[in-house]
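Dear colleague,

I am passing on a structure that will be new to you, and below it I have written out what was found. Please read the notes with the structure open beside them.

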Amino acid sequence: MAITKSLARKGRLDVGINYVLNGDKTQERVLTAHLNCDPGRERRQMLDTKRAYGKENGVMYYHIIQSFKPGEVTPEQALEIAKAFAEEHLPGYETVIAVHVDRQHIHAHLIFNSVNADTGEKYHSNARSYYQQIRATSDRLCREYGLSVIMEGSDRKAVSYIEWLRQSKGQPTFRTMLEADLRTAIEDANDLGHFFLLMEHKGWEISHGNRLGFRLRGQERFMIPGRKNPLFTEEGIRAAIQGNLSAIESGQRPAVIYRPSYHPYKKHPKYTGIMALYVHYLYVLGKIGQRQYPPRMTPQLRREVMKSERYREQFNFLRENNIATQADMTAIQARTENALANLMKQRTILNVQKKKRRKLYTALADVSALAPAKTLYEDGLSGMEAEYTRYMEAVAVLDGCGIPRERLMAEKAGIYEQVAEVNRQIRAERKKLALCRDILDRLPQMEHDINKIEEREVIRDEHRRR
């Protein structure tokens with residue numbers, strides 16, 4: 001199996017060529033080859049081609065990498081596959097090919113000129129050409145040489161190469177460890193606060209914000225599993241804790257249900273003020289939307305759809321809060337700012353409580369997370385001295401505080417649950433405040449757009465009458 005990557009480079013040609021031809025990586029350049037250029041004269045010939053066709057700016061060269069599964073291919077086979085790939089996919093392009101064996105996984109590098117020496121055309125690469133040409137050609141050659149390939153349509157998400165490499169060897173990755181601990185904590189938790197407590201006791205640090213982040217102690221960056229799986233967002237975790245984990249994972253229920261709030265039927269009143277302006281503006285946008293767009297979602301159409309949805313969201317906010325004048329809007333904005341300030345104070349108080357108990361809460365997490373290390377140390381395994389010392393220090397802290405551990409754990413879970421709820425309310429109030437500010441900023445532009453569109457309609461009607 002070869003994982004391919006295509007990179008466009010605007011830097012110096014000699015830098016890329018010298019990197020791939022490094023003798024320490026290519027067995028003193030034994031594992032190298034050239035297509036449409038001569039060894040030692042690659043850079044000069046590529047630059048001469050650019051000058052001959054007057055295409056010396058922009059992308060200087062392209063760099064394709066083929067990474068093979070460890071133990072599945074020999075260096076000589078990798079070089080043959082790379083040469084066959086270059087001859088089929090890059091006819092007329094001056095290409096330098098090298099196979100690197102300095103790592104456990106063998107990988108081939110192809111550096112080629114962005115300008116074709118025969119036709120003078122510049123090479124262009126995008127997502128479609130990658131899958132239909134680069135990836136398709138590489139996969140076919142792998143099959144011909146008896147190598148495995150990544151099957152299209154398989155349930156596979158994009159992962160980093162290091163993560164894929166560990167998975168191919170059957171080794172756990174930080175992400176798989178995190179997801180396993182998340183599922184275990186969801187199954188064992190009583191509520192969201194208890195879930196956070198369990199994750200801390202498994203050794204994970206938690207970042208509370210717009211997105212939940214987790215990292216092991218000592219890791220530099222937080223991982224955000226909710227980006228790829230909505231089950232691991234705060235809303236998804238809350239729903240799963242309530243007994244929906246199996247339904248979510250089987251696909252019978254979405255992790256996050258964006259359900260509009262119920263409103264009994266009311267006859268729409270005659271809108272005035274700001275709401276009337278929004279109704280009229282949405283009507284005007286609807287007239288514009290009757291044009292025939294191409295079937296694919298163009299960037300312009302995508303922007304117009306997003307703009308229309310944003311205006312609809314703002315109008316629904318106006319109607320739900322019965323806002324008709326700028327005075328009403330100012331009052332709502334002031335109330336929202338006061339509510340947000342009060343919530344921020346509540347969160348500060350809760351964070352102060354957490355800070356006062358931080359030593360005890362950290363000791364609770366250490367006792368739970370380091371219990372396996374303590375067992376290994378007592379069994380005579382070397383290298384666990386620091387973990388054992390930390391475990392014993394945490395036990396001493398808990399024994400000396402005079403508070404039963406069960407009570408301390410319940411208190412910690414309660415504070416975490418309160419913090420999670422306050423954070424949820426803060427996000428909701430911030431969204432309301434952003435809507436208020438956006439509406440006030442948009443009003444003058446909307447009036448200007450309506451006048452401009454209506455003037456255009458009047459002129460068009462006059463032309464029709466003539």
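A polar contact, as the term is used here, is a pair of N or O atoms within 3.5 Å, where, within protein, one atom must be able to donate a hydrogen and the other to accept it. Please keep in mind throughout that this is a predicted model.

By that definition, the side chains of N113 and E94 are joined by a polar contact of 3.0 Å, and the side chain of N113 makes a further one, of 2.9 Å, with the side chain of K50. N113 belongs to strand β5, which covers residues 107-113, and N113 counts as buried because its relative accessibility is 0%. Setting aside residues up to four places away in sequence, N113 touches M46, T49, K50, M60, Y93 and E94.

Helix α7, residues 192-201, is largely enclosed by the rest of the structure, since 10 of its 10 residues are buried; among them are H194, E200 and H201. At the start of α7, a side-chain oxygen of D191 comes to within 3.2 Å of the backbone nitrogen of G193, while just after the helix G203 adopts a positive phi of about 100°.

Y145, finally, sits in the loop between α4 (127-144) and α5 (161-168), and is partly exposed, with a relative accessible area of 30%.

With best wishes

How values were computed: Residues numbered from 1 in each chain as written. Predicted model: local features only at pLDDT ≥ 70, side-chain atom pairs only at ≥ 80, totals over all residues. Heavy atoms only, no water. Helix = DSSP H or I, 4+ residues; strand = E, 2+ residues; numbered from the N terminus. Buried < 20%, exposed > 50% of the residue type's maximum accessible area, 1.4 Å probe, protein only. Contact = heavy atoms within 4.5 Å.
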